[in-house]
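Me: I am new to protein models and would like to learn how to read one. Could you take me through a few features?

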Amino acid sequence: MQAIQTAMFDYTALDSETRIVVQQRTSEIKALMKRAATDIIEIGQKLIEVKAQLGRGQFDPWIKAKFGWDRATAYRFISVAERFPDSSQIATIAPSALYLLSAPSTPDSARIEALDRAADGESITHQTARDIVSNHKNPPIPFVPEEEPDDSDWWDHDESPADTRPQRT
């Protein structure tokens, strides 16, 4: 598990009135981000329900007419809802990170790592999610030094040196 790195902001450099306002707004923004992530899941769940109710070929026209969305937009919501059905898991995952982590091309192992790190209290930003996904799609190749050749193994064991000499006829 990687160490949690949190960027620190020095509130002591602010005057007391500014510090109070900035800290209050920080808390409010974090709560809104959590609510936004939860809302994304709920929207996805409702889209899944409507899609199941509509007949074949009606979902795309419905999302276009009612929301001005294309199919990809609706399916991003659906994908988040399918991959993160429990909104309590995503308290520290940014909405943009949810979309990235729920993409069909994202390995399950990357989602699991992001959820584990979020459960440990780490904020999963879009950049953090990109790094996690990249590491799981392209894992670093460990360096394995080549073994020194064993001189006793230089000759093919299926032949003896005598077998390779030309035969007299």
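Reply: Let us look at helix packing and then at salt bridges. This is a predicted model, where local features need pLDDT of at least 70 and side-chain atom pairs count only at pLDDT 80 or more, while totals for chains, interfaces and linings use all residues. Residues are numbered from 1 along each chain as its sequence is written, and side-chain values use heavy atoms, leaving out hydrogens and water.

Me: At what angle do the axes of helix 1 and helix 3 cross?

Reply: Two packed helices are described by the angle and the distance between their axes. Here helix 1 (residues 16–53) and helix 3 (residues 71–83) have axes that come within 7 Å and cross at roughly 105 degrees. The two helices are therefore roughly perpendicular (65 to 115 degrees). Among the residues in contact (heavy atoms within 4.5 Å) are Ile40 and Leu47 of helix 1 and Phe77 and Ile78 of helix 3.

Me: How many salt bridges are there?

Reply: A salt bridge puts a side-chain nitrogen of Lys or Arg within 4 Å of a carboxyl oxygen of Asp or Glu. The count comes to 6 salt bridges. One of them joins Asp108 and Arg111, whose closest N and O atoms are 2.6 Å apart. Both lie in helix 5 (residues 108–119), 3 residues apart, about one turn of the helix.

Me: Is Arg111 buried or exposed?

Reply: Arg111 is buried (under 20% relative accessible area), at 8%, whereas Asp108 is exposed (over 50%), at 53%.

Me: Which residues are linked in a network of salt bridges?

Reply: Glu113, Arg117 and Glu122 are linked that way. Glu122 and Arg117 are both buried, and their closest N and O atoms are 2.9 Å apart.

Technical notes: Axes fitted to C-alpha atoms, helices over the stretch in contact; angles between N-to-C directions. Helix = DSSP H or I, 4+ residues; strand = E, 2+ residues; numbered from the N terminus. Parallel < 35°, antiparallel > 145°, perpendicular 65-115°, else oblique. Buried < 20%, exposed > 50% of the residue type's maximum accessible area, 1.4 Å probe, protein only.
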